[in-house]
Amino acid sequence: MANLRNLPAVDEILLQAGVQELIRCNRRDFVVDLLRDILDQLRVELRGREDMPSREELMTLIGLRLEQAIEGCSQGTLKEVINGTGVVLHTNLGRAPLGKRAVDYMLAMATRYNNLEFDLEEGERGSRYRHVEELLTRLTGAEAALVVNNNAAAVLLALNTLARDQEVIVSRGQLVEIGGAFRIPEVMKSSGAELVEVGTTNKTYLDDYAAAITEQTALLFAAHTSNYRIVGFTEEVSLEALAQLGRSRDLPVMQDLGSGILVHPQGWNQEDEPGVRACVATGADVVTFSGDKLLGGPQAGIIVGKKRLIEAMKRNQLTRALRVDKLTIAALEGTLIEYLLGDPGRQVPVLRMLNSTPEELRERADRLARQLCQQLGQEHVKARAVDVEDMVGGGAYPTYPIPGFGVEIEFRKVRLEDMARRLRQGRPALVTRRREERMLISVRTLMSGDEDRVVDLLARALRAEETGEKNRGGQGL
Ligand SMILES: *Cc1c(COP(=O)(O)O)cnc(C)c1O
């Protein structure tokens, strides 16, 4: 208890010149709040100690912590990350970074008024769903389109509209595949539709679907699981066969594509990975996909298909709860215009990363390794260019590896975990992988200009780690 004697009171601290300055620049009640938290924390820390810091020492420490706390709040918790993992669509790292056209468009619409729901022709209320619809129908060949919050919402809305209180037939194998990562089966159940699972986990035949059709059936549902993943003894029904069955029994067929492809990355096979247009052409009545997977746009759930079905979804009250805002619409329009008129293979970041040639990646990895050796010093690190396995990521393709290049770094004087943690806590943060006792940084997922920043961040982190500087997260006692 004695240790707390030297702890100054709030009023006393508030009179300090430095603290007065902080109050001038920030809200007083906010500063006082932070101060109380800091004092609470200090009380806990002091109770566990034998020695007793002086009043002056404590005053200085409180001042420093207060400054740090205010700085921490001013920066927000969402921060930029440099992605050294080689996972192109990393859901934990915000999935697709946006291209320039999307960002320019979004910025212009965000800072001004716009015609989100205003018909400029008639001078009256319009619909927000009108905006991207034409772009989407042109790009996919579908009759109509609707955009909602994300693909899970798209599936929810489609099922709720087309099959509530009725039955949806779905292959057990596909549910298993997407189930783990997305809980799509749960989303499907929340829609009020009853799932009728057919087939076994590894084999489903057309007859299984046909035999399950009853008076209650409202929809045949197919979920796309990347063909690259299907290994071994499995059998799924083709969309073509399912569409034929749907037509003959007068039932709509829905395909949840997950990662909807509008333009294939180089070297990807149309047969193995059907794009959205192909699904529509094959006869799917409704196709859903994400805006921020291989499309490379903002988070969104895109639904394309038969006009009659899409119109019914637009009338569903649930649509109001799942609606997208103007920023999403602007970013999506910008992205889609790039697809229609621009150069998506180079201008949409996700596609650009997947289209990088091995030669290009190798050269970037070589250059980065050289820079690291020079800047960090051979006595501190060993860095060299190596082959790596990158990933498409994003759920639908998590385990499909693509060959890439990166740098492998061995630290001579500090621990790998300590460096990795310090890099994660930097601004920007750098997220890396590890291969045994070495750090691995893939170059595929680095954005333009990131290489120099990576060298700089590593140099600073290494210096701090070697001199034993305290980690971010507070001035110690
Ligand atoms: C990713 C994915 C979803 C979920 O999409 P979100 O946009 O993340 O909501 C649903 N189904 C499949 C097949 C997917 O790959």
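Modeller: The 62 positive and 69 negative charges of the chain have mean positions 4 Å apart. Lys and Arg count as positive, Asp and Glu as negative, while His and the chain ends are left out. Each charge is placed at NZ of Lys, CZ of Arg, CG of Asp or CD of Glu. This is a predicted model, where local features need pLDDT of at least 70, side-chain atom pairs count only at pLDDT 80 or more, and totals for chains, interfaces and linings use all residues. Residues are numbered from 1 along each chain as its sequence is written, and side-chain values use heavy atoms, without hydrogens and water.

Biologist: What are the overall figures for the chain, in secondary structure and in box dimensions?

Modeller: The chain has 20 helices and 16 strands. Helices (H or I, at least four residues) and strands (E, at least two) are DSSP runs, numbered from the N terminus. Along the principal axes, the C-alpha atoms fill a box of roughly 85 × 55 × 45 Å.

Biologist: What share of the residues counts as buried?

Modeller: Of 477 residues, 51% count as buried. Buried means under 20% relative accessible area, exposed over 50%, and partly exposed in between (1.4 Å probe, protein chains only).

Biologist: What does Gln 255 touch?

Modeller: Beyond four places away in sequence, its contacts include Ala 222, His 224, Leu 239, Cys 279 and Val 287. A contact means heavy atoms within 4.5 Å. Across the chain, 76% of contacts between residues at least 6 apart in sequence join residues at least 24 apart.

Biologist: What makes E9 and E10 a pair?

Modeller: Two strands pair if DSSP finds at least two bridges between them. E9 and E10 are joined by 4 bridges, therefore they pair, and they run parallel. Gln 255 stands opposite Val 287 in E10.

Biologist: What unit do E9, helix H12 and E10 make?

Modeller: E9, H12 (residues 276-282) and E10 make a right-handed β-α-β unit. The crossover is called right-handed if, with the strands pointing away from the viewer, the path from the first strand over the helix to the second runs clockwise.

Biologist: How do you know how far strand E10 is enclosed by the rest of the structure?

Modeller: In E10 (residues 286-290), 5 of the 5 residues are buried, so the strand is largely enclosed. Both faces are covered. Val 286, Thr 288 and Ser 290 are buried on one side, Val 287 and Phe 289 on the other.

Biologist: What is the sense of pairing between E10 and E11?

Modeller: Antiparallel, over 5 bridges, with E11 spanning residues 301-305. Val 287 has Val 304 as its bridge partner there.

Biologist: Where is Glu 436 found?

Modeller: Glu 436 is in the loop between strand E15 (433-435) and strand E16 (438-442). In this hairpin, with 2 residues between the strands, Glu 436 takes a positive phi near 50 degrees. At 61% relative accessibility it counts as exposed.

Biologist: What joins E15 to E16, and how do you know how far E16 is enclosed?

Modeller: The two strands run antiparallel and are joined by 3 bridges. Arg 434 has Met 439 in E16 as its bridge partner. In E16, 4 of the 5 residues are buried, so the strand is largely enclosed by the rest of the structure.

Biologist: What kind of peptide bond joins Arg 427 and Pro 428?

Modeller: A cis bond, with omega about -5 degrees. Pro 428 lies in the loop between helix H19 (416-424) and strand E14 (429-431).
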